[in-house]
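Dear colleague,

I am handing over the structure below, and after it you will find some notes on what was found. Please read them with the structure open.

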Amino acid sequence: MTKETVKTRPARYGMVIDLDRCNGCGACMIACAVENNVPACPEGVTDRTGITWMRVQKLSNGQSFPDSRTAFIPVMCQQCGDKTPCVSVCPQQAVEVDEASGIVDQMPQRCLGCRYCMVACPYHARYFNWWDPAWPNGMERTLNPDVAPRMRGVVEKCNFCHGRYQEARAKAAVDGAAERAVEYTTACAEACPTGAITFGDLDDPGSEVAQLAKSENAFRLLEKLGTGPKVHYISKRAWVRAAAGSSLAAETREVRHG
């Protein structure tokens, strides 16, 4: 087989986040914004009009001191698989699940800004771009050339660092990699100082992410909805795992936002 005809194996990329390691520092949010050219929020932005592909939320067990306990939960697009609400409601086919990677792609060129997908998303992980992207003087030199900024009037979200994925695909083609999935990691996983985020191919039984996802302490947010998220969480604390089946809006409050 020549390099020109080499094709890499399809993958199902996913993530496992250890909530017992997460300290809520927000480094993952900053790395995500820098990697994906998410602009600084303009003056007057609110929680409803700002853009951040990733939010670190705070979860409480609802008890009074000294029995009060908290946990921090990074929440981004959960990359639904079995049932993808945003895909089913988009009238423009601006959202689709990539068969080669399992990633839920958002295509701003097709988006007409109706925001149906935002209403359909049970994880509140989509954001409408109310302003044309702008950066303070000099910061435009820091933009990632592999990621196109999005225009005003479209919805955007986490895409598991699509620019990094495409770069890894190109490298695999040059190297002639066959019969294996493209290997890369996301900016948030790379930046996490506590190593709480693990990224990889869930369909590779030998991968660390696949093994962690099968842990007895692993769970997914709002799993009862049957959307089949590819983002898994781990916690040894029973109250944290139990709270995952409740509404994010009711059980959590945002502590850091971009």
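**Notes on the model**

Cys161 is buried, with a relative accessible area of 7% (buried means under 20%, exposed over 50% and partly exposed in between, with a 1.4 Å probe and protein chains only). This is a predicted model, in which local features need pLDDT of at least 70 and side-chain atom pairs count only at pLDDT 80 or more, while totals for chains, interfaces and linings use all residues. Residues are numbered from 1 along each chain as its sequence is written, and side-chain values use heavy atoms, with hydrogens and water left out.

Most residues other than glycine have a negative phi, and most peptide bonds are trans. Cys161, although not a glycine, has a positive phi of about 55 degrees, and Leu222, also not a glycine, has a positive phi of about 50 degrees. Leu222 is buried too, with a relative accessible area of 7%. The peptide bond from Phe65 to Pro66 is cis, with omega near 10 degrees.

Glu156 is buried as well, with a relative accessible area of 3%. Its side chain makes polar contacts with the side chains of Trp53, at 2.9 Å, and Arg150, at 3.1 Å (a polar contact is a pair of N or O atoms within 3.5 Å; within protein, one must be able to donate a hydrogen and the other to accept it, and residues adjacent in sequence count only if both atoms are side-chain atoms).

With kind regards
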